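Please look over the two-chain model below. My notes follow as numbered points.

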Amino acid sequence: MNTGLNRTKWEPYVWLLPSLLLIAIFVVFPILIVFKLSFSEISKAGVIGGFIGFDNYVEAVHLPAFKTVMLNTMWWVLSVVILSTVLGFIIALVLNQKFRGRKIARSILVFPWATSLVIQASVWNYIIKAEYGNLNNVLLNLGIIQQAVNWRSSYQIEFVWECWVGIFVTVPFVTFCVLSGLQSIDGSLYEAATMDGAGFWNKLRHITLPMVRPSLTVSTVLNIIYVFNSFPIVYTMTKGAPAHKTDTMITYLYMLSFYERRKGPATALSVIGFLILCVCAGIYMVSVMRKEEEL
Amino acid sequence: MRYPEVRRQNRRMLLLLILGLILTLVLMSLPLYSFDVGVYTKKSGNTFVGDEKYQAVRAEVEAVAEEYRSQGFDVEIREDVLERVNSKGNTTSLVTFTISERYSRSFLSFLGKKLPSSTVLVFMVSLMGAALVFSIAGLAGTDDLVPRYLNRKGRLLRNLAVTALLLALLLVPVFMLMNNVIFSRRLSLYNADLITEGKEAFFSMLDHFFFDGRMGENVGDVLGGLKIQRSPMAWLLLLTLFISLTAAICIRYGEIKSSLLRGALYVFVVIVCVVTLYPYYVMTITAFRSNAETLDMYFLHMAPTRWVWSNLTDIVQRGVPRYLMNSIFVAGGATALAMLCGIPAAYAMARMNFVGKKAFLGFVIMSQMFSPVVLLIGISQLMNTLHLNNTLWGLMLINAAFNQAFAIWLLRGTFVSISSEMEQAAMIDGCGTVGALTKVLIPMAAPGIVTALIFVFINAWNEYTIATVLISTAQNRPITVGITQFSSFNMIEWQYMFAASLLATIPVVILFMSIEKHLTAGLTSGGVKG
């Protein structure tokens with residue numbers, strides 16, 4: 001858009017400069033550092049040596065926990081993203097109906113989104129404590145169970161709990177994305193479909209889904225990225241114990257670099273994670289750009 | 001207008017309602033509860049099964065059982081053997097003989113007893129009766145009218161019938177859960193002397209229920225080994241009452257489908273809200289409990305027995321105000337910086353044409369993809385070089401940078417939606433570009449700016465990962481890192497942790513609620529999450 005006033009050629013760049021600098025120094029520069037480090041020899045004390053090619057990558061891939069951690073990451077991302085998308089979509093469909101108390105329900109659903117992940121994870125950590133956790137207390141008091149249940153009897157179950165907390169905090173985001181998509185649908189479309197005798201499923205398939213697909217795509221891709229990057233839940237609830245069996249890639253690389261002081265393979269893992277994210281980001285950008293063009 | 005076919009349907013539905021109620025009563029009179037009550041216990045130490053001592057005790061117990069049988073009790077003998085090794089290394093066993101009596105009880109037998117669940121049952125049965133009366137009264141004289149043409153009285157009565165049945169239906173699980181609590185949880189807590197308050201009253205209640213008050217003081221011993229079992233058939237009550245309920249709804253509205261869908265919708269919403277609020281309930285009650293109560297595995301109450309407000313003053317001593325101030329400083333500074341850099345950039349993106357605009361947009365979106373976590377090592381290295389490690393300034397800069405993308409994206413959207421005519425007029429009047437932005441555009445775009453502002457603030461406030469890596473001294477911790485100090489390897493002070501969490505959560509949740517509406521609009525276009 002041209003405002004019709006004469007501007008010097010470089011003026012727009014002056015306006016962009018502060019923002020550009022901020023991003024360049026604190027986002028782009030660390031990326032470059034991580035890349036450089038991943039090809040350098042790093043001592044335990046953190047002294048950076050010379051170029052050693054792909055040694056760090058080879059070391060990272062041969063770490064004993066590498067396979068478990070990658071599988072965990074996959075399960076973590078897939079289960080949290082898929083389940084929270086399905087749940088969030090259903091909740092959005094319900095909240096889009098008119099009923100008494102809808103505003104209150106929407107405000108309540110904001111809670112998990114606005115709360116710090118580390119606080120959420122701590123609370124759930126307390127809830128499922130076997131000895132004195134609140135879940136046992138409430139269920140016993142309601143008479144639903146007769147005896148205290150050990151809610152975290154094995155690390156697999158603890159991992160499932162971590163996924164549950166992940167889902168719990170991700171659902172509101174999906175819900176609000178889908179809701180904003182749903183609100184843009186013209187009500188007359190449904191009326192016309194009803195006139196033509198379309199049932200609930202037909203309307204869902206042929207009107208609702210196509211209309212909210214853009215919001216759903218954005219929320220899904222973003223969730224993949226954010227869930228992949230999520231650190232506080234796993235770190236607070238199990239710290240990856242026992243022996244990295246509940247670690248995801250992000251918590252593992254944190255442990256590797258800041259506890260075990262093996263910065264070399266840790267940076268290599270960072271780069272691998274970064275590249276995985278790049279693929280997701282690419283998909284995301286294509287979908288956003290396409291949406292921009294549609295508007 | 002009167003419709004004979006409406007009358008026919010209403011009569012059918014009334015019959016269905018009555019049938020449902022009759023089935024409910026039949027189920028309630030079946031012996032669905034069974035209790036095993038130990039009426040007599042004899043322990044025999046240092047015994048082996050089959051030896052002389054065992055035989056003697058066994059005969060003694062048989063005699064007692066015979067006595068009970070002659071009084072008309074239905075008793076049986078159970079023996080439990082507990083083997084143990086004494087200090088000399090010999091294996092001995094402790095044999096416990098229990099004479100237990102099996103009681104079968106129907107739901108209706110709870111009526112007229114003094115148990116708390118009896119009251120619930122009385123309510124349930126009266127509600128069922130009331131529903132029947134209301135339905136019949138609501139149909140009288142109007143049973144051939146389409147529901148739409150009902151008079152006020154008919155509508156009210158039919159509504160009451162539906163409500164009464166709905167309440168009766170809800171009381172079924174309440175009644176069953178209450179019995180579980182009374183006969184197993186409370187009884188075992190009293191028997192183990194974990195609670196003593198109201199013990200006598202409780203036992204006299206049970207005495208009255210099982211033995212019509214004959215047992216007196218002994219009832220505590222007798223009920224020591226009480227076992228309660230409920231037949232799964234009891235859940236059929238829900239079904240029979242539901243049949244009556246649907247009939248009542250049909251009488252009220254003429255059809256059932258939309259009412260059931262509506263009901264299902266409310267049930268779903270309530271479940272979602274309860275699950276969502278559950279952790280916040282836990283956080284709140286735990287924040288005001290004493291340390292002993294937070295770690296008590298037999299803790300009985302759903303709320304603190306005593307609200308320990310001193311938890312709040314304790315965390316003040318433990319540095320929480322300092323952490324809160326740090327968080328305010330970091331989040332506030334990051335927000336200010338993100339806005340100072342973001343507004344001009346968004347303005348240029350919205351109002352100017354230049355080479356590389358698309359590239360910059362792509363650059364911004366890309367930067368939003370990377371949570372700082374994957375770059376942790378790079379960031380800590382960079383901060384070392386800049387001597388910003390372990391400073392609040394460093395944390396502030398990182399937060400500002402990683403929130404740039406959203407700020408620009410949302411602000412640009414707001415600016416584009418505002419027509420540029422006013423600014424042009426201002427510029428013709430002699431304002432520069434800067435004047436036009438600050439005096440005209442920013443006031444007009446205030447809602448969008450506030451939304452972006454609050455969102456960036458909340459993101460920075462809730463940030464945890466970078467802070468754990470960058471901040472190494474206690475006095476520089478933001479609140480998210482600060483709360484974790486209450487959990488050390490061997491002791492977790494949950495009450496302090498959650499009191500601090502509560503302080504950290506309440507303000508941001510309120511802020512978030514205030515922008516939720518604006519945020520949803522900018523979301524799918526801006527595509528950002530906290």
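1. How are helix 1 of chain A and helix 13 of chain B oriented to each other: roughly parallel or roughly perpendicular? The axes of helix 1 (residues 11-38) of chain A and helix 13 (residues 376-385) of chain B cross at roughly 105° and come within 8 Å. Axes here are lines fitted to C-alpha atoms, for helices over the stretch in contact, with angles from 0 to 180 degrees between N-to-C directions. The two helices are therefore roughly perpendicular. Angles of 65 to 115 degrees get that label; under 35 is roughly parallel, over 145 roughly antiparallel, and the rest oblique.

2. A word on basis. This is a predicted model: local features need pLDDT of at least 70, side-chain atom pairs count only at pLDDT 80 or more, and totals for chains, interfaces and linings use all residues. Residues are numbered from 1 along each chain as its sequence is written, while chains are lettered from A and ligands numbered from 1 in the order in which they are written.

3. Back to that contact. Helix 1 of chain A supplies A:Phe29, A:Pro30, A:Ile31, A:Ile33, A:Val34 and A:Leu37. Helix 13 of chain B answers with B:Ile377, B:Gly378, B:Ile379, B:Gln381 and B:Leu382. Contact means C-beta atoms, placed from the backbone, within 7 Å. By class there are 9 nonpolar, 2 polar and no charged residues. Nonpolar covers Ala, Val, Leu, Ile, Met, Phe, Trp, Tyr, Cys and Pro; charged covers Asp, Glu, Lys and Arg; the others, Gly among them, are polar.

4. The whole interface. 87 residues of chain B are in contact with 87 residues of chain A. Helix 20 (residues 494-526) of chain B gives the most to the chain B side, with 14 residues. That side divides into 58 nonpolar, 24 polar and 5 charged.

5. Chain A. It has 12 helices and 2 strands, where helices (H or I, at least four residues) and strands (E, at least two) are DSSP runs, numbered from the N terminus. Its radius of gyration is 24 Å, well over the 19 Å that the globule rule gives for 295 residues, so chain A is more spread out than a compact globule. The radius is taken over C-alpha atoms; the rule is 2.2 Å times the number of residues to the power 0.38.

6. Confidence in chain A. The mean pLDDT (the predictor's confidence in each residue, from 0 to 100) is 85, and 95% of the residues score at least 70. Over residues 1-5 of chain A the pLDDT is below 50. Where pLDDT is low, the predicted coordinates should not be read in detail.

7. Chain B. It has 20 helices and 4 strands. The radius of gyration is 35 Å, well over the 24 Å that the rule gives for 530 residues, so chain B is also more spread out than a compact globule. Its C-alpha atoms fill a box of roughly 110 × 95 × 40 Å along the principal axes.

8. Packing within chain B. Helix 4 (residues 152-191) and helix 7 (residues 236-253) pack at about 165°, axes 9 Å apart. That makes them roughly antiparallel. Their contact residues divide into 15 nonpolar, 2 polar and 2 charged. Helix 1 (residues 4-29) and helix 3 (residues 116-139) of chain B cross at roughly 170°, with axes coming within 11 Å. They are therefore roughly antiparallel. This contact has 7 nonpolar, 3 polar and no charged residues.

Technical notes: Two residues are in contact if their C-beta atoms, placed from the backbone, lie within 7 Å.
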